[in-house]
Amino acid sequence: MGSVALAAPTGKAARRLDESIQAGLGAVTEPKIIDAAIAAPLAEPKTLHRLLGYSPRTRRFRYDERHPLPARVVIIDEASMIDLDLMHRLMRAIRPEARLVLLGDANQLPPVGAGAVFRDIVRAGGSQATVELRDSYRMDPKEPAGRNLWLVSQKINAGEAASLIGPSSKPEDSVSIRESAEQVLFRGAELMEGERDAFLDRWMRERVMTPRFRTLVEGNDLDEETLATIEAHLGSHRILCVTNADVARINGFFQRAQSSRLGEPVMMLRNDHERGLFNGDSGVSLRSGIVFKGRSFDPVLLERDLAPAYAVSVHKSQGSEYDHVALVLGKPDHPLLTRELLYTAMTRARKSVTILGSRDALAAGISRIVERSTGILEQLA
């Protein structure tokens, strides 16, 4: 391990961190000696469990205060997903003289496990320990749709439901109400209260199984460029749901509408280190097998580890980004429908978010926040 260690809570997030670093390095048009010097020693990002040397067999970690990580700088991405126990393990394993850099969005959903450690660290850190990045590189504020998404996400985060969907709302920073599926423009933030099946039919035709995409997946000449085009197309959109029950219903809707599984988006449900696949990785079903990042795998070997991914939960979408998102809200009183969940879903999109649900449900979600008390904030303050 080099002097800099890179990690993230999940395999998918670690892979995205690696992709972002490589894209950033590749964007340097005239690399200097310092650029090569920075790139050369960088280790491949790992999951936090792998970084800390976790053994599933013994359920123990290799690194702790007695055997600390050798890295002088530890950089962790998607830190909002780290629960209390794992953060404790990480802190124990870092050398006293090492520098820890946590990257993340404290306003997103807290981890599935206990605590909201990153949020508490940010709230207690002050200007000496934290830096807030205010510019969005996912939504383009120079474009009307991108600016609308950005402003709406900020209002959700601030709990301003009335100005988003009320009579006093302004088009630039509010959610546009659509009366039917055909009225949806797929630009900025829109809300449609009825005609869910009609919307799903349109989503299938215009987002998933477009004529060009169907031609590509039904063809026999799947070269590297074609596979990249197929995967890029499926990665450009996703339906996000508050509950797993809605995920199952919508995936079932799309599966029943198709005569075959060709072109079906799929997702890994567990880490498979032997094959280099991780929980949350997205792939596609083709004639050659299940394809992930240009590599084909026997579907029989992966059958129990896969789920259709026309729709995924908002929790599963963390660390991902899409051009177009459809968000299924469900009932206003559902406890999972929170401000943090709405903000997380909204900030997955570059160009559009179509909210499928009632204005009451959206307002209820904005008013409901995740309350977690770990005691860390008081100790750090």
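Predicted model: local features only at pLDDT ≥ 70, side-chain atom pairs only at ≥ 80, totals over all residues.
**Entry 1: strand β17.** I looked up how exposed β17 is. The strand covers residues 349-356, and six of its eight residues are buried. I count a residue as buried when its relative accessible area is under 20%.

**Entry 2: partners of β17.** I then checked which strands pair with β17. Strand β8, residues 188-192, runs parallel to β17 and is joined to it by five bridges. Within this pairing I found glutamate 190 opposite threonine 354 of β17. Strand β16, residues 322-328, also pairs with β17 in the parallel sense, over six bridges. Here valine 328 has leucine 356 of β17 as its bridge partner.

Entry 3: I followed the chain through helix α14, residues 339-346. Together, β16, α14 and β17 make a β-α-β unit, and the unit is right-handed.

**Entry 4: a four-stranded sheet.** Next I turned to the sheet with the order β2-β1-β5-β6. This sheet is open, and its strands pair in parallel. Its edge strands are β2 (46-47) and β6 (99-102), each of which pairs on one side only. Isoleucine 76 stands opposite leucine 102 in β6.

Entry 5: Last, I looked up what α1 touches. Helix α1, residues 11-26, packs on the sheet and touches β1 (4-8) and β2. I noted an angle of about 130° between the direction of α1 and that of β1.

Note on methods. Residues numbered from 1 in each chain as written. Heavy atoms only, no water. Buried < 20%, exposed > 50% of the residue type's maximum accessible area, 1.4 Å probe, protein only. Helix = DSSP H or I, 4+ residues; strand = E, 2+ residues; numbered from the N terminus. Pairing = 2+ DSSP bridges. Right-handed = clockwise from strand over helix to strand, strands pointing away. Contact = heavy atoms within 4.5 Å. Axes fitted to C-alpha atoms, helices over the stretch in contact; angles between N-to-C directions.
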